[in-house]
Amino acid sequence: MSIDWNHFTPWAALVGGLLIGLAAAIFVLFNGRIAGVSGIVGGLLRPRRGDIAWRVAFAAGLALAPFVYRTFAALPATRIDAGWLLLIAAGALVGIGARYGSGCTSGHGVCGLSRFSLRSLVATLTFMGAGFATVFIVRHLLGA
Amino acid sequence: MNALFAFVAGLVFGIGLIVSGMANPAKVIGFLDLAGTWDPSLAFVMGGAIALGALAFAYAKRRSMSLLDLPMQLPTARHIDRRLIGGSALFGIGWGLAGICPGPALVLLGSGAVKGAVFFAAMIGGMALFELAEHLKRARPNDVACDYSNLTDH
């Protein structure tokens with residue numbers, strides 16, 4: 001292993017992480033809920049009365065973040081290397097997997113670990129391990 | 001009122017994802033690529049988020065109602081089963097293939113990235129498949145009543 005010093009951005013990562021933690025704090029302290037994106041969005045596919053507006057509002061906040069960010073500074077460049085078919089397969093796996101596993105990077109990774117939940121620790125170690133393994137196979141064994 | 005705070009939380013979350021680099025799939029893959037030139041930045045994202053999150057949840061756990069007087073709905077599930085591990089493994093594979101998880105998918109959708117929109121649509125499709133499978137399972141009369149899904153919604 002060698003460190004990619006050119007792309008290493010510890011301060012931006014830390015500040016961004018604190019903002020994510022602040023968002024999770026606002027959400028649990030005011031709304032009394034876990035800021036887990038897959039659960040919030042997935043719950044819209046099982047709509048119940050009185051349980052829709054806050055989910056749409058949270059998702060809208062995420063989707064409008066680039067607009068708000070752009071009023072202060074230029075958006076940082078992003079790059080999606082995956083081709084179309086791979087992208088569709090990846091999206092489907094993320095959607096189905098996060099719902100079966102009851103959470104994703106936000107619900108288990110941020111909120112669950114912040115609650116010291118063993119269940120979320122197991123989930124986080126599992127999806128991180130699967131992510132590391134997948135990138136290793138795709139990049140270094142298949143050479144894509 | 002609760003929708004307003006949900007919107008603010010989503011917005012702050014999204015800006016955090018942009019600032020941290022989590023909304024850039026190439027950077028996420030750089031973090032997941034241990035065997036290549038590794039970019040450890042995202043470990044700092046998790047560290048920062050959990051440092052603040054732990055304080056908030058420690059306080060939240062001692063309350064039964066939120067500051068808006070809504071019931072505190074923290075997960076109660078503790079079981080570790082095949083659903084948790086199998087689902088998380090599938091999620092991790094998808095995450096590793098594209099470098100996108102659900103929060104960044106919404107941010108990329110909002111930024112107007114066509115590939116972000118395609119990923120988001122596929123993700124909703126996957127979630128719909130899950131709902132369909134759960135619905136069919138519930139409809140089977142002889143199935144053992146073992147639906148934890150209400151309790152484990154993160």
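Student: Before reading any detail, what are the ipTM and pTM of the model?

Tutor: The model is predicted, and it scores ipTM 0.96 and pTM 0.93. For chain B, the average pLDDT is 92, and 91% of the residues score at least 70.

Student: What are the spans of the two chains along their principal axes?

Tutor: The C-alpha trace of chain A spans about 50 × 40 × 35 Å, and that of chain B about 50 × 35 × 30 Å.

Student: What share of each chain counts as buried?

Tutor: Of the 144 residues of chain A, 55% count as buried. For chain B, with 154 residues, the share is 53%. Contacts can also be sorted by sequence separation. Taking contacts in chain A between residues at least 6 apart, 41% join residues at least 24 apart. In chain B, residues 24 or more positions apart account for 43% of the contacts with a separation of 6 or more.

Student: Which strands pair, and do they run parallel or antiparallel?

Tutor: Strand β1 of chain A, residues 2–3, is joined to β1(B) by two bridges, and the two strands run parallel. Within this pair, A:S2 stands opposite B:T37.

Student: Which residues touch the most other members of the largest nonpolar core?

Tutor: That core has 91 residues, and A:A23, A:A24 and B:A9 touch the most other members. Helix α1 of chain A, residues 10–31, gives the largest share of the core, twelve residues. Take B:A9 as a case to follow in the viewer. Beyond residues up to four places away in sequence, B:A9 touches A:A23, A:I26, A:F27, A:A35, A:F58 and A:G61.

Student: Why is α5(A) described as largely enclosed?

Tutor: Count the buried residues of the helix. Nine of the ten residues of α5(A) are buried, so the helix is largely enclosed by the rest of the structure. The buried ones are A:T105, A:S106, A:G107, A:H108, A:G109, A:V110, A:C111, A:G112 and A:S114. They pack against α1, α2 (37–42) and α6 (118–141) of chain A, together with α3 and α5 of chain B.

Student: Which residues other than glycine have a positive phi, and where do they lie?

Tutor: One of them is A:S102, with a phi of about 60 degrees. A:S102 lies in the loop between α4 (84–100) and α5 (105–114) of chain A. Another is B:D69, with a phi near 65 degrees, in the loop between α3 (41–60) and α4 (82–98) of chain B. A:F116, which follows α5(A), has a positive phi near 60 degrees.

Student: Are A:S102 and B:D69 buried or exposed?

Tutor: The test is a count of other C-beta atoms within 10 Å, where 20 or more means buried and 12 or fewer means exposed. A:S102 counts as buried because it has 28 C-beta neighbours inside 10 Å. B:D69 has 10 within 10 Å and is therefore exposed.

Student: Where is A:A63, and what is it in contact with?

Tutor: A:A63 sits in helix α3 of chain A, residues 53–72. A:A63 is buried, with 21 other C-beta atoms within 10 Å. Leaving aside neighbours within four places in sequence, A:A63 is in contact with B:L106, B:V107, B:L109 and B:G110. To place A:A63 within its own chain, take A:A12, which is 51 residues apart along the chain; the two C-alpha atoms are separated by 20 Å.

Technical notes: Residues numbered from 1 in each chain as written. Chains lettered and ligands numbered in written order. Predicted model: local features only at pLDDT ≥ 70, side-chain atom pairs only at ≥ 80, totals over all residues. Helix = DSSP H or I, 4+ residues; strand = E, 2+ residues; numbered from the N terminus. Core = buried A, V, L, I, M, F, W, Y, C linked by C-beta atoms within 7 Å. Contact = placed C-beta atoms within 7 Å. Pairing = 2+ DSSP bridges. pLDDT = per-residue confidence, 0-100.
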